[in-house]
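Subject: Structure handover and findings

Hello,

Here is the structure to look at alongside this note. Please open it first, then read on.

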4 protein chains.
Amino acid sequence: MAQSKQESPFRGVVPYIVTPLKEDGEVNAELVCRLCNDLIAAGVHGIAPLGSTGEYAYLSNDQRSQMVAVTIDAVAGRVPVFAGVASYSVDGALLQAKTYGRLGVDGIVVALDAYFPLDETETFDYFWSAADAVDLPVAIYTNPNFQRSSLSISVVDKLSHHPNIRAIKDASTNTGRLLSILNRCEGRLDVLAASSHIPLCVMMLGGKGWFSGPACVVPRQSVALYELCARRDWPKALELQKKLWPVNEMFARYNLAACIKAGLERLGYPVGNPIPPQRPLTTEIRSEISSTLSAILQECSLAC
Amino acid sequence: MAQSKQESPFRGVVPYIVTPLKEDGEVNAELVCRLCNDLIAAGVHGIAPLGSTGEYAYLSNDQRSQMVAVTIDAVAGRVPVFAGVASYSVDGALLQAKTYGRLGVDGIVVALDAYFPLDETETFDYFWSAADAVDLPVAIYTNPNFQRSSLSISVVDKLSHHPNIRAIKDASTNTGRLLSILNRCEGRLDVLAASSHIPLCVMMLGGKGWFSGPACVVPRQSVALYELCARRDWPKALELQKKLWPVNEMFARYNLAACIKAGLERLGYPVGNPIPPQRPLTTEIRSEISSTLSAILQECSLAC
Amino acid sequence: MAQSKQESPFRGVVPYIVTPLKEDGEVNAELVCRLCNDLIAAGVHGIAPLGSTGEYAYLSNDQRSQMVAVTIDAVAGRVPVFAGVASYSVDGALLQAKTYGRLGVDGIVVALDAYFPLDETETFDYFWSAADAVDLPVAIYTNPNFQRSSLSISVVDKLSHHPNIRAIKDASTNTGRLLSILNRCEGRLDVLAASSHIPLCVMMLGGKGWFSGPACVVPRQSVALYELCARRDWPKALELQKKLWPVNEMFARYNLAACIKAGLERLGYPVGNPIPPQRPLTTEIRSEISSTLSAILQECSLAC
Amino acid sequence: MAQSKQESPFRGVVPYIVTPLKEDGEVNAELVCRLCNDLIAAGVHGIAPLGSTGEYAYLSNDQRSQMVAVTIDAVAGRVPVFAGVASYSVDGALLQAKTYGRLGVDGIVVALDAYFPLDETETFDYFWSAADAVDLPVAIYTNPNFQRSSLSISVVDKLSHHPNIRAIKDASTNTGRLLSILNRCEGRLDVLAASSHIPLCVMMLGGKGWFSGPACVVPRQSVALYELCARRDWPKALELQKKLWPVNEMFARYNLAACIKAGLERLGYPVGNPIPPQRPLTTEIRSEISSTLSAILQECSLAC
């Protein structure tokens with residue numbers, strides 16, 4: 001068991017990709033393909049459809065499965081594909097997990113949507129059941145901002161004993177929480193950062209990488225940062241981290257999915273608008289994103 | 001338009017019914033039928049499947065449609081049936097609304113699940129689009145505790161101008177907000193209470209009734225209260241309201257759906273446990289529910 | 001004890017008055033006197049210095065004592081004077097309570113400022129200690145919006161057994177909570193509304209009146225509403241309540257103390273600006289207050 | 001101006017010390033003296049009375065001044081003394097700041113207690129006014145958990161241009177916010193960690209040290225950690241940081257001041273109970289603190 005845990009596929013820079021839809025509601029496979037090709041060429045270590053950035057909450061189950069299938073086709077085994085699983089009910093999570101397993105994902109990232117407040121036992125049940133239902137590596141995911149439920153550290157600890165559960169991605173802004181998890185679960189559970197944490201800090205504490213929407217628009221720079229961290233070259237890593245941080249700042253100010261979609265449009269990927277009722281960002285915000293991105297890309301190309 | 005608004009079907013006591021599932025995940029039609037018969041015999045003015053109490057969030061789309069169909073069959077036109085519609089996306093809401101319309105509901109109660117925060121325009125779009133998609137009376141519903149989005153009074157005001165939008169059900173605990181809505185929208189939009197408001201107060205301010213999970217377990221008493229309010233017999237209404245209030249108090253302390261299910265079990269309806277990962281209430285809480293219910297039923301039978 | 005409880009002085013319309021300061025930081029006694037005279041002439045049943053509206057949090061202990069002394073002088077026994085007591089520490093509360101007792105107040109309204117979170121026992125201790133320290137009627141006060149602590153209903157119940165504790169003023173917006181308290185403590189504890197509740201509703205449920213900043217600017221109308229409620233003339237009371245409600249709405253939108261100060265300025269009382277760092281309201285908001293007030297005063301003068 | 005900023009005294013490990021009171025409410029000067037001597041012997045770089053840990057909110061102004069005077073006497077110039085200033089009003093802050101300046105502090109740490117919500121201009125006014133009132137180095141402090149107000153990064157940026165404002169201590173748990181501040185204000189404003197951040201991470205990002213209640217009970221270990229960070233010996237710093245982190249974790253679970261007082265009692269300083277209505281920690285929690293402390297002290301003595 002410890003052995004299988006060491007082979008966890010969750011590591012490095014894993015961009016959460018957006019879900020580009022055509023007018024008829026079908027996933028734009030061609031665009032997913034182009035985006036995946038470019039991200040893989042930039043060196044990313046995995047691809048994650050159906051995260052917050054992928055607007056999973058706004059998609060039908062059919063659209064979700066289609067997006068996973070299209071991504072697997074596009075990636076074609078070059079890097080692992082991790083699909084997001086999230087539901088209010090255990091049955092809903094199992095259905096998604098099994099479907100994506102059959103489609104051929106390399107792992108799932110499981111989140112919990114809470115309606116009525118859940119206690120720790122109920123939260124534990126949800127994640128444990130999902131991990132039991134598949135024969136796949138599982139990352140558990142917690143995001144107190146969007147999902148109204150949190151995983152206490154003692155529940156995380158208990159979950160870390162499931163053979164399939166290999167990693168946790170925590171999308172709070174509380175970096176101390178990650179150190180608490182590392183202190184308690186290191187060896188059984190890898191820690192990955194989200195875009196609300198500073199990747200550099202998480203890597204330094206013992207993190208294995210980061211899942212991140214913003215990595216879609218700065219993949220090459222993110223990979224460079226990861227490599228500096230992996231080499232423990234902290235002074236250069238800090239220099240690059242400071243240049244990249246405004247991307248995270250900017251995307252935290254507005255609707256994350258809308259921002260990443262706008263950023264990708266700016267970079268030449270016509271991924272379209274966020275799914276209604278979300279409205280496209282205003283021209284003003286799109287300009288802000290555009291100029292922040294330009295500045296960072298320029299600064300980093302000189303530096304990297 | 002004003003005319004059609006006056007014929008709104010949303011009024012009186014409308015119990016939110018639970019969703020009893022069989023082991024195979026199918027809706028227990030027989031039990032829904034028995035429950036509806038008893039509620040109608042008790043005098044309720046409508047029946048509402050797929051509310052919070054109906055655990056809509058935990059059901060698949062197929063289960064939802066099945067529950068609506070089963071309820072319509074069970075009610076057989078004796079009182080109107082209002083189905084809950086809730087989604088993160090406009091498309092998801094439209095799909096549900098149209099499906100339930102085809103199945104023959106008499107109205108829909110539309111709620112918004114928010115993932116990324118929405119501004120007022122986006123919130124407006126969602127509700128307006130749903131109202132546009134059907135040829136049915138629509139009640140808009142807001143519940144800041146469970147849905148992480150709220151409808152400002154100016155958005156409510158704008159929505160009240162849609163010909164299909166006839167009523168609002170507000171599940172905050174802020175009764176002053178209802179008076180603000182009545183002051184602004186009376187004539188265009190009827191106000192109904194939820195179980196977090198004191199029905200007596202809402203009726204006195206000009207409300208037309210209440211949607212309520214707890215009405216499932218005290219239907220006769222709720223109808224008696226409604227009739228006292230309708231007759232403006234405030235002293236007797238207050239006396240009854242005070243006796244009934246502990247039901248709302250008790251159900252607010254714990255998971256609402258689990259409580260109503262436990263209450264119905266106590267009254268002889270084997271509706272089963274809440275949907276996992278929700279766990280059944282502890283024996284202790286079930287006893288508390290049982291004895292509170294007994295006390296109220298006895299007190300009110302003497303009084304009513 | 002039950003007897004003394006029946007003679008509680010907390011009833012009717014009790015305006016929270018503002019604290020007008022001169023340039024040197026001294027309380028403007030002349031203005032307090034004029035305001036109290038006018039409020040008493042309008043029929044109010046008590047006067048309350050050192051509430052939220054009185055900006056107690058922004059005053060030094062010396063200014064607080066001065067404000068209480070000045071108010072007692074101004075009122076000259078015509079109606080009771082109730083001073084606000086609020087502190088983080090028991091000792092701080094006792095010092096204020098004893099000082100105001102010596103100055104001659106007719107009762108105190110005790111609130112708790114919480115820094116570190118307190119459990120129920122600690123909260124209980126604070127209020128019980130304050131009630132023990134004086135030989136005066138005590139109203140306990142809870143305001144979850146401003147004081148980061150709340151009184152659970154079981155703590156309220158326990159406190160209601162103290163002979164000095166006669167009333168509760170709850171400034172949440174949750175009117176159901178008041179019915180829960182009435183059901184549990186009626187006979188031992190009178191319930192009074194705050195400006196976040198609809199006075200009409202609270203009166204109908206069995207409330208004894210309301211403490212309110214807005215009553216400073218519509219005293220005559222508030223007294224008229226109280227009298228309609230006391231006479232149980234609900235239809236007329238509702239009519240007046242609906243006309244008056246926009247005052248509460250407006251003052252809930254902005255800084256309450258700044259609003260009441262602006263409203264009083266508009267009515268000819270030069271009470272000055274809110275205490276820094278609070279800034280005076282913008283000209284735009286002052287105009288909104290002015291025109292809302294004008295509309296209400298005109299509508300009500302025709303009606304009252 | 002840039003020059004004076006470089007000489008900022010806010011750096012290194014600065015323990016927030018508790019306020020030990022005698023039965024008569026006087027500060028226990030002897031105990032403060034012993035504690036300061038021991039902390040200075042352990043190598044701390046400054047001493048900070050009147051923080052959250054010092055229970056400033058629960059003290060009278062007289063007790064506050066006494067505590068500052070006693071600390072200055074005890075420290076006798078060996079390290080700088082920084083006194084906490086916090087008030088709802090500008091006048092209250094100025095009074096404290098000037099008093100402590102006259103008593104001879106080496107700097108002040110200014111926090112804002114918010115009652116009515118304040119906008120950015122009002123927040124700015126408060127801090128700028130306090131910095132203007134003294135001829136002392138000022139650290140601005142923000143703690144969203146306890147003070148219901150936050151400093152946006154653009155307000156922090158504006159404040160960083162005041163010649164007296166040299167440092168910021170942020171007690172959120174959001175480490176990314178510190179990087180945003182560093183990116184924007186480095187050179188004008190030093191960043192210090194609070195006990196909710198991982199000191200190692202903040203130091204790595206460019207921080208200058210940390211203000212911390214827990215440093216009272218692990219001063220020698222904290223200084224060792226600081227020195228490893230200062231030497232950029234990250235691997236050893238991480239090793240020690242991981243061992244020390246459970247102190248911060250433990251103190252975050254309960255009332256911070258009560259914990260530090262209990263920890264100091266355990267170490268032989270009879271500093272007494274937290275100020276009422278706060279109750280002493282239960283025996284169970286005190287045992288937990290005791291054994292956590294023992295474990296850490298032993299582990300670190302082997303390591304350091």
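How much area is buried between chain A and chain B, and what part of it do carbon and sulfur atoms give? About 2800 Å² is buried there, and carbon and sulfur atoms give 61% of that. Buried area here is the accessible area (1.4 Å probe) that two parts lose on being put together, summed over both.

Some ground rules. This is a predicted model, where local features need pLDDT of at least 70 and side-chain atom pairs count only at pLDDT 80 or more, while totals for chains, interfaces and linings use all residues. Residues are numbered from 1 along each chain as its sequence is written, chains are lettered from A and ligands numbered from 1 in the order in which they are written, and side-chain values use heavy atoms, with hydrogens and water left out.

**Chain A against chain B**

Chain A brings 28 residues to the contact, and chain B brings 28 residues. Contact means heavy atoms within 4.5 Å. Two salt bridges are counted between these chains. A salt bridge is a side-chain nitrogen of Lys or Arg within 4 Å of a carboxyl oxygen of Asp or Glu. B:Arg279 and A:Asp125 meet in a salt bridge through their side chains, at 2.7 Å from N to O. Eleven residue pairs are in polar contact between chain A and chain B, both residues at pLDDT 80 or more. A polar contact is a pair of N or O atoms within 3.5 Å; within protein, one must be able to donate a hydrogen and the other to accept it, and residues adjacent in sequence count only if both atoms are side-chain atoms.

On the side of chain A that touches chain B, H5, helix H6 (144-147) and helix H12 (256-266) of chain A each supply at least two residues. H5(A) has the largest share of that side, with four residues. Helices (H or I, at least four residues) and strands (E, at least two) are DSSP runs, numbered from the N terminus.

**Chain C against chain B**

Here 20 residues of chain C are in contact with 20 residues of chain B. Together these chains bury about 2000 Å², with 63% of it on carbon and sulfur atoms. C:Leu179, C:Met204 and C:Lys242 supply 28% of the area that chain C buries against chain B, more than any other three residues.

The rule finds two salt bridges across this interface. C:Lys242 also meets B:Glu186 in a salt bridge, side chain to side chain, at 2.7 Å from N to O. Ten residue pairs are in polar contact between chain C and chain B, both at pLDDT 80 or more. Helix H8 (175-185), helix H9 (199-205) and helix H11 (234-253) of chain C each supply at least two residues of the side that touches chain B. H11(C) gives the most to that side, with seven residues.

B:Thr175 is in helix H8 (residues 175-185) of chain B. B:Thr175 is buried, at a relative accessible area of 2%. Buried means under 20% relative accessible area, exposed over 50%, partly exposed in between (1.4 Å probe, protein chains only). Leaving out residues up to four places away in sequence, B:Thr175 touches B:His197, B:Leu205, C:Thr173, C:Thr175 and C:Ile198.

**Aromatic rings**

There are 52 aromatic pairs over all chains. The rings of A:Tyr115 and B:Tyr56 are edge-to-face, because their centres are 5.3 Å apart and their planes are at 80°. Rings of Phe, Tyr and Trp (its six-membered ring) pair if their centres lie within 6.5 Å; planes under 30 degrees apart count as stacked, over 60 as edge-to-face and the rest as tilted. A:Tyr115 lies in the loop between strand S3 (107-112) and helix H5 (120-132) of chain A, and B:Tyr56 in the loop between helix H2 (29-41) and helix H3 (61-75) of chain B, so this pair joins two chains. A:Tyr115 counts as buried at 1% relative accessibility, and B:Tyr56 counts as buried at 6%.

D:Trp210 and D:Tyr226 are also edge-to-face, because their ring centres are 6.1 Å apart and their planes are at 65°. D:Trp210 is in strand S7 (residues 209-212) of chain D and D:Tyr226 in helix H10 (residues 219-230), so the pair ties together parts 16 residues apart in sequence.

Best regards
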